[in-house]
Structures are given as C-alpha cells and as structure tokens.
Amino acid sequence: MAIRHRLIHAAPHEVWAVLADGSRYSDWVVGTSDSRVARGLWPELGAALEYTVSLGPWTASGTTVVRRVSAPDELELEVDSGPVGTARVAIEVRSWGNESLVIVDEHPLRGVGGALHNAALDALIQLRHRSMLKRLADVVQESARSDSHVQA
C-alpha cells in the first residue's frame, strides 16, 4: 500500500481550494508539466483533466477522472497514464487544529502498473508522494499568503 501523509500549515478549506482548481493540478502533481480541464466542472463527479508529462524531448498525455468527491474532505481520482495503466489516487484532507492533515493513498488498477504491482513499486510511489505532498503544501501556503496580501 502506498499511503503517505503530510501536515500542511493551512486550513482545510485552503488545501481544498488548490485541489479544486484544475488549472493548479500540474503545480503540485509530480511529473506533470501542464494540465487543462477536459470535461465537466472540476472536481465534480465524472469531471476530467488532461495532463502532459515532459521528460526532456519526450512528452506524453494522460487523463485524470474524478471517481468520488466529498468536498472539502475527500477526492478520489482515476489517473490514466496510457500504456503504464491506471491508478486510484485518494486524497483525504483532515482538520488538524488550525492545520490540515493530508493523506494520499494510491493503488495501481489496470495495465502494466496493476500487473506488476509489488512492494518495490509501492516504495517508488511513496517517494513520489513525498515530493507531491511537499509541492502541494508549498502551493497551498503560497496561495494563502497571496490571498492574505490581497485582502490586506
């Protein structure tokens, strides 16, 4: 199981504001260089984002679909990475005093990732999640600082 958590020094509604902004997806999801809404109103059930992954001259596209949402606490996504396969990514935002405990739980579902799922793959996903949660925290905290400057 690839489950990782991070305490983010921001209120849950501030974390949710970033998760609910489809244009910010590539700001916090490791590996994505661009994202755009493909259908629906993100993050409503069935809404989808298209994203681009760039690695040097190589680029690939994928789709992320909202499979379950309970704003502002839970967002479950199915990430389709083409030939690599699909994965379920569940993000939970818990109030932790004045801060937020964010828990990410990812499991490969289909394709090569699902067929080859093992402890080593989970370890790699854990490393990716560590970076992703740090990026999410940075984006949330920067957004909160920007909002407080606008309101001042």
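Two strands count as paired if DSSP finds at least two bridges between them. Helices (H or I, at least four residues) and strands (E, at least two) are DSSP runs numbered from the N terminus. On these terms, 7 strands form an open sheet with antiparallel pairing, in the order S1-S7-S6-S5-S4-S3-S2. The model is predicted: local features need pLDDT of at least 70, side-chain atom pairs count only at pLDDT 80 or more, and totals for chains, interfaces and linings use all residues. Residues are numbered from 1 along each chain as its sequence is written, and side-chain values use heavy atoms, without hydrogens and water.

**Sheet**

- Strands S1 (2–8) and S2 (32–39) stand at the edges with a single partner strand each, so one side of each lacks a neighbour in the sheet.
- S2 and the antiparallel strand S3 (residues 48–55) are joined by 6 bridges.
- Ser35 has Tyr51 in S3 as its bridge partner.

**Pocket**

- The largest pocket holds about 810 Å³ of space.
- A pocket is an open set of points on a 1 Å grid over the protein atoms alone, where a 1.4 Å probe fits, with protein on both sides within 12 Å along at least five of seven lines; lining residues have an atom within 4 Å of a point.
- Grid points are joined across faces, edges and corners, and the volume is the space filled by probe spheres set on the points.
- Its lining has 34 residues, with Tyr51, Ser81, Val84, Glu106 and Arg128 nearest the centre.
- H4 supplies the largest share of this lining, 6 residues.
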